[in-house]
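This briefing is intended for reading alongside the sequence and the coordinates.

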Amino acid sequence: MFNKETYIQRRNRLKKEIGKGILLFLGNNESGMNYTDNTYHFRQDSTFLYFFGSDYAGLSALIDIDEDREIIFGDELTIDDIVWMGTQPTIREKSASVGITATAPTAQLSDYLNKAVQQGRRIHYLPPYRGEHQVTLLRLLGIAPEAQVAGASTELIRAVVGQRNYKSAEEIREIEEAVNISADMHIRAMQLVRPGMKECEIAAAVTEVALQNGGQLSFPVIATINGQTLHNHYHGNILHEGQLLLLDAGAENGMHYSGDLSSTIPVSKHFTEQQKTIYQIALQAHQAAVAALRPGIPFKEVHLIAARTIAEGMKSIGLMKGDPDEAARSGAYALFFPCGLGHMMGLDVHDMENLGEVWVGYNGQPKSTQFGFKSLRLARPLEPGFVFTIEPGIYFIPELIDYWRSEKRFCEFIQYDKLEPWKGFSGIRNEEDYLITPDGARRLGKYKPMTIGEVEGMK
């Protein structure tokens with residue numbers, strides 16, 4: 001937990017930004033895996049953490065701007081709870097540590113909000129992403145679940161995004177700790193990968209690194225020989241000579257800040273010549289994107305730089321043709337790079353995705369609906385304090401190749417006849433995390449091996 005002044009300042013800024021009304025924040029509850037007492041690992045709502053710091057289940061909070069009141073609602077542990085969970089700080093003690101003196105039982109939240117509704121006062125809430133939140137909003141405010149996202153407060157969303165998008169120095173220290181742990185996860189994998197292992201062994205090894213360092217995973221591990229499937233969480237395959245393992249894994253540190261890195265590792269001691277060719281093109285796209293990072297440049301332009309570099313590389317080996325710049329802007333590149341270049345990162349690995357990419361990554365501007373560009377989570381001009389990933393990749397997705405060919409898409413750019421031998425290649429992705437500074441950009445955390453020689457040298 002940060003110093004209580006940090007949380008006080010955050011809430012004061014929020015009150016000033018919104019101006020009037022009541023701000024309602026719902027913390028997370030425990031969630032049962034297959035029965036009530038067998039729960040998933042508890043993770044507090046990130047916005048609740050940001051403004052109220054309390055990493056405990058069963059809490060809600062409100063900020064009454066008009067009456068200048070801040071209250072945390074929750075129920076104290078019973079003796080039965082203490083028997084199973086041990087002694088914990090009281091809600092009043094938890095609240096005082098973030099500068100809040102007023103607390104109340106959960107049941108009083110409904111009374112407070114009912115009175116406010118009768119007075120015609122505005123109650124701001126954020127879009128719910130859990131079923132428990134939908135039920136709570138229905139009970140507290142009478143809003144049907146299907147209407148809750150549309151009814152969420154745009155003013156509150158924008159105000160929260162306007163704070164959380166800009167990482168403070170103390171937040172950056174936490175993020176770097178998470179990235180350092182994440183780098184160790186990838187280094188461990190590079191050292192371990194060899195023929196005969198199972199994907200699940202690699203997933204277990206990198207998870208161990210996160211837990212050993214007092215953290216958790218920031219998202220479920222991707223450790224797969226089928227790198228052409230962008231979010232592949234299946235870990236049942238055995239690694240064989242000549243294959244690639246794509247690892248996308250990150251740690252969440254004790255303060256719940258995230259790291260997010262990707263590596264592509266040869267199962268054999270060395271990459272094949274074919275693998276080296278594609279790996280180097282992807283690496284060049286990565287390096288070109290990083291070189292372009294600076295305050296003021298729209299991230300969409302950085303994405304296009306990576307896309308153009310991939311198109312140039314694929315043209316050089318005969319898989320594309322035509323003008324690489326036009327291939328990038330038209331979307332033809334997306335046959336090989338169908339996802340976005342990166343996303344915001346912080347307390348969430350995809351920071352504030354529950355609040356909407358149109359606000360977090362686009363500052364309210366509409367997103368493209370075109371294949372490839374529609375998966376770009378960040379497009380707005382970059383500003384000091386932004387933390388995000390850089391993760392271009394090259395993927396050979398047989399189903400997508402066949403579909404585009406049947407539709408005769410971008411035949412002026414794509415050499416479909418030459419793609420047949422590549423359908424079983426899988427995919428390649430490398431990923432790092434960056435901070436925009438006043439005069440450029442800085443990679444966060446320790447260096448993870450990236451070049452062909454560096455990765456091979458780890459085996």
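Which helix lies across β10 and β12, and at about what angle does that helix run to β12? The structure is a predicted model, and in this model helix α9, residues 169-192, lies across β10 and β12 and runs at about 10° to β12.

- Strands β9, β10 and β12 form an open sheet in the order β9-β10-β12, with antiparallel pairing.
- Its edge strands are β9 (222-224) and β12 (261-266), each of which pairs on one side only.
- From one strand to the next, the twist averages 10°.
- Strand β10 (residues 244-249) is joined to β12 by 6 bridges, and the two run antiparallel.
- Within this pairing, L246 of the sheet stands opposite T264 in β12.
- As a general point, the strands of a sheet pair through backbone hydrogen bonds, either parallel or antiparallel.

**Helix α10**

- Helix α10 covers residues 199-212, which is 14 residues.
- From its first C-alpha to its last, α10 reaches 20 Å, close to the 20 Å expected at 1.5 Å a residue.
- The buried residues in α10 are E199, I202, A203, A205, V206, V209 and A210.
- Seen down the axis of α10, these buried residues fall within an arc of 160°, so they line one face of the helix.
- That buried set packs against helix α9 and against strands β8 (216-217), β9, β10 and β11.
- Just after α10, G214 takes a positive phi of about 80°.

**E252 in strand β11**

- E252 lies in strand β11, which spans residues 251-252.
- Is E252 buried or exposed? Its relative accessibility is 7%, below the 20% cut-off, so E252 counts as buried.
- The side chains of E252 and H256 are joined by a polar contact of 2.8 Å.
- Beyond its neighbours within four places in sequence, E252 is in contact with R43, G215, Q216, L217, S218, Y257, S258 and L347.

- P392 is located in the loop between β13 (387-390) and β14 (393-395).
- With a relative accessibility of 1%, P392 counts as buried.
- Setting aside neighbours within four places in sequence, the contacts of P392 include A282, A285, H286 and A306.
- Also in contact with P392 are F337, L341, I428, R429 and N430.
- P392 and I123 are 269 residues apart in sequence, and their C-alpha atoms are 41 Å apart in space.

**The sheet containing β13**

- Strand β13 pairs with β16 (residues 432-437) in the antiparallel sense over 4 bridges.
- In that pairing, V387 stands opposite L435 in β16.

**The β2-β3 hairpin**

- Strand β2 (residues 32-35) and strand β3 (residues 38-39) pair in the antiparallel sense over 2 bridges.
- A hairpin joins β2 to β3 through 2 residues.
- G32 stands opposite T39 in β3.

Methods:
Residues numbered from 1 in each chain as written. Predicted model: local features only at pLDDT ≥ 70, side-chain atom pairs only at ≥ 80, totals over all residues. Heavy atoms only, no water. Buried < 20%, exposed > 50% of the residue type's maximum accessible area, 1.4 Å probe, protein only. Polar contact = N/O pair within 3.5 Å; in protein donor to acceptor, adjacent residues only side chain to side chain. Contact = heavy atoms within 4.5 Å. Pairing = 2+ DSSP bridges. Axes fitted to C-alpha atoms, helices over the stretch in contact; angles between N-to-C directions. Expected span 1.5 Å × (residues − 1). Arc of directions from axis to C-beta.
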